[in-house]
Amino acid sequence: MPRVVVDVLLKSEILDPQGQAIERALPRLGFDGISDVRQGKHFELTVADDVADPEDVVRRVADTLLANPVIEDFTVSLVS
Amino acid sequence: MPRVVVDVLLKSEILDPQGQAIERALPRLGFDGISDVRQGKHFELTVADDVADPEDVVRRVADTLLANPVIEDFTVSLVS
Amino acid sequence: MSTIDTTDNAAGSPQVEQPYAELGLKDDEYQRIREILGRRPTSAELAMYSVMWSEHCSYKSSKVHLSTFGDLPKSDALLVGIGENAGVVDIGDGWAVTFKIESHNHPSFVEPYQGAATGIGGIVRDIISMGARPVGVMDPLRFGPADALDTRRVLPGVVAGIGGYGNCLGLPNIGGEIVFDPCYAGNPLVNALAVGVVRHEDIKLAKAAGPGNLVVLFGARTGGDGIGGVSVLASETFGDEGPAKRPSVQVGDPFTEKLLIECCLEIYAADLVVGIQDLGGAGLSCATSELASAGDGGMHIELDKVPLRDATLSPEEILMSESQERMCAVVEPAHIDQFLAICAKWDVTASIIGEVTDGEQLTVDWHGERIVDVPPRTVAHEGPVYHRPIERPEWQDALIADTAAALPKPSTPGELRALALRMVATPNLCDKSWVTEQYDHYVRGNTVLAQPEDSGVIRVDEQTGRGIALSTDGNGRYGKLDPYLGAQLALAEAYRNVAVTGAVPLAVSDCLNFGSPEDAGVMWQFQQTVRGLADACRELGLPVTGGNVSFYNQTGDTAIHPTPVLAVLGTFDDVTRRTPMAFGGTPEETLILVG
Amino acid sequence: MARIGIVTFPGSLDEQDCARAVRRAGAEAVALWHGDHDLHNVEAIILPGGFSYGDALRCGAIAKFSPVMGEVIDAAKRGVPILGICNGFQILCEAHLLPGVLTRNAHLHYRTKDQSLRMENTTTPWTSAYAPNAEVVIPVKHGEGRYVADEPVLDALESEGRVIARYVGGNPNGSARDIAGITDATGRIVGLMPHPEHAIDPLTGPTDDGLGFFTSALNALSGVGA
Ligand SMILES: Nc1ncnc2c1ncn2[C@@H]1O[C@H](COP(=O)(O)OP(=O)(O)O)[C@@H](O)[C@H]1O
């Protein structure tokens, strides 16, 4: 059965305090040269074989439920 | 500069309450045929050009900070 | 041919080698199981006995000492005493209160957030299983030095886990402790207390009575969580290279537990259960054997009826799984439809997994094949009892002789000032609001006092103002110097903290955190602590209603300080008469030092 | 007696506190259930705090699809006063009855605090009992209370006087423009992060400053002569 992935990220103009906290922690852990860290959500869903266009269905799921279009963007991709 | 993506998911044997809650909500929203929903985290990081092996560095970042190896697995991929 | 190890199979193959040692059983314990059964145990039986006979579940090292608490003079207030999921005390007007403190130390070291969260979840289920509505939690915590690297990993995770779970359940956090000491590095103590209220007539007990009554498992589905966690985690010491066997940790889901609470309370209100038990350490092995053992008959379980999250689990794993947010109830057939309807209303999964029988055995089938056939008492209540060697450590005298007299004392105002400043800045004395503000203490609208007060105070009855006060205290350094007096000092502190709010102290619960019971010095500390507590309780006229023992808090040969954490419960006729600790509200107040 | 409905979603926590506050104000508290298509003839509705559906995904994201929310949205269109507190505010934003969204606190922690607020719009059915610019102390307790909306929306809220309460003496979560609560264009729907139901009695709360939200509603309803 097809497995579909949705990645949700805050729009670039929205403050991402989690990403910032990670970015600030990195030099302390000895990691240099890393910037612009963003944290978002990752979903994996299995779609039944009899669903005609799995990506399209999942796009609608993402649009209605998984992402909030006021502050977030998302991408959908078929992994298998 | 290379942009690297890290996706973190709970190990498959670990309870994923968020994924379950989403899965239960879907039929109510009129989406049928979707199962095995997992929710994880998605990170994007920019690595400086002078870092020799960006993927390797990010893998170590993921292992120490982004993921909790006791309960989570992660994948790293270079997007650009 | 089936690969299931059935009882017939076990009877016919006595020579099969079994991994009892890996499961934490000693040679003589394994021999005893064979004697009880008159054959070798099946692998499912071995799983059950091994988890139930672990230190954590059987109290095999502490039992002989704890019995002292049972010998305390009878208290009229005590409605249910030691032995049930939690003790229950009468607070008047038909109200009763149940409270208990437990440890989740090792799991919180391995995975701080989930370990602490599931610690709250577990103790709250104990309260629900008594028929009570949980109304508050507390969290006495101990960590290594505040600036140690590992403390930075453990402390924020533990605090976030306690807040994450407790806040989501809607239970006010009304107090706790945060103590830093090098002895807890590698062995943080995460103790959790929950308190609930119940009308006298609604108190529930964990027993399976009435042949033909149904056994229902409800709550979360069963997964591979913490399999072996009880026996492996609680009876093996961590070596230098970290946990000897890494167990799969349990992940909690407070949302499911919140639904389970409301579901249970609605079931109780309709009077639909004969007996009920929560699932904690040792999961179904514990719940079924304890229910059957406390009841008057036997019990039969069809294990394949257990709703699973992971279809690949073996029957042994299902019996040992410590998946969170599950309860097991005994229900009369006439009530089952109503019971299941309430579960459905709250979206709680429920499954009839067996029934009470008029035999004496606990039997478990897996797809029609018998895999367990045991006398339940031998699993649940008649486990091994150890009289461990006890010896006062030879360093004790030197430690006591090294008194504070030798320390430099401030002799000028400047030195005194410097000392005072140093003290207020120490992590043990400084402001704790970074922690406490991560907890909700307002939810339910009955919190009369919470942090930073000496005790938490909760209103039980809005009409009359009847309520309770609770304080937890412990002091490992006093315990190390003199475990007998140290325990009494900790109890006295909690007692005073309750009394100064204006409440009348009524009952005690304790969590006894110690090193390895296989160390005679640790056993001496334990014995002294229990004696000290029992003597003090007798003096104060307080019953011990229950508690928890956590052994093996040690790294290599070094044990933590003996750390009994005492919880004292007090009562108010009217909480509007509580005394807060702040002063300075009105001009010309007089400060008086008493005592 | 005025009937004020309070919705229980799975995971709601503060519905009993809200009911107590409603009764203390002198109205009848009516329990509404997330799975019902029935508002039981209530004249005003409160969506209480808590973790509806475990706050899986985003706070309020799943609750907005519950059957009762369909009725609440219809009632909103008819002008029935609605108050969303904390999780209730999050649900109202997710349901697009209020603009913007509540996100993770900037400091990333859940925080409980006795918070000072300035009451800025005292013309709504939920705030009329307060004097304009009154300063009150009401607890906040949340992990995701940072109000976010784009600049034009924020400017519109300001110019239309739709910020009903603002944090003063420190912003507990990093909210844009210190916003603690807003109202919709009609002034009938109010969302608020702080918890007035926890400040109705100095015995159990920091003050009784929160009672005004509930007495306001009572006044608004009796004014209507319902
Ligand atoms: N882990 C904790 N959880 C909840 N409350 C805590 C915790 N630690 C400390 N507190 C509360 O913070 C307040 C101050 O704690 P502490 O400084 O230890 O005070 P004291 O020395 O008077 O016991 C007390 O009300 C205590 O109950």
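Here is a walk through how the chains of this predicted model sit against one another.

Let's start where chain A meets chain D. On the chain A side, 15 residues are in contact, and they touch 17 residues of chain D. Three of them stand out: A:Pro17, A:Leu65 and A:Asn68 together supply 37% of the area that chain A buries against chain D, more than any other three residues. As for the whole interface, about 1200 Å² is buried between the two chains, and carbon and sulfur atoms give 67% of that.

What about the polar side of things? Between chain A and chain D there are five residue pairs in polar contact, counting pairs where both residues are at pLDDT 80 or more. The salt bridge count here is one, and you can find it by looking at the side chains of D:Arg58 and A:Glu72, which meet at 3.8 Å, N to O.

Now turn to chains A and B. Chain B superposes on chain A by a rotation of 180° with 0.0 Å of shift along the axis, at an RMSD of 0.2 Å. The two copies are therefore related as by a two-fold rotation axis. To find that axis by eye, go to B:Lys41: of the residues of chain B, its C-alpha comes closest, at 2.2 Å. Finally, 100% of the interface residues of chain B are also interface residues in chain A, so the copies meet through the same surface.

Definitions and conventions. Residues are numbered from 1 along each chain as its sequence is written. Chains are lettered from A and ligands numbered from 1 in the order in which they are written. This is a predicted model: local features need pLDDT of at least 70, side-chain atom pairs count only at pLDDT 80 or more; totals for chains, interfaces and linings use all residues. Side-chain values use heavy atoms; hydrogens and water are left out. Contact means heavy atoms within 4.5 Å. Buried area is the accessible area (1.4 Å probe) that two parts lose on being put together, summed over both. A salt bridge is a side-chain nitrogen of Lys or Arg within 4 Å of a carboxyl oxygen of Asp or Glu. A polar contact is a pair of N or O atoms within 3.5 Å; within protein, one must be able to donate a hydrogen and the other to accept it, and residues adjacent in sequence count only if both atoms are side-chain atoms. Copies are superposed by least squares on the C-alpha atoms of residues with pLDDT of at least 70 in both.
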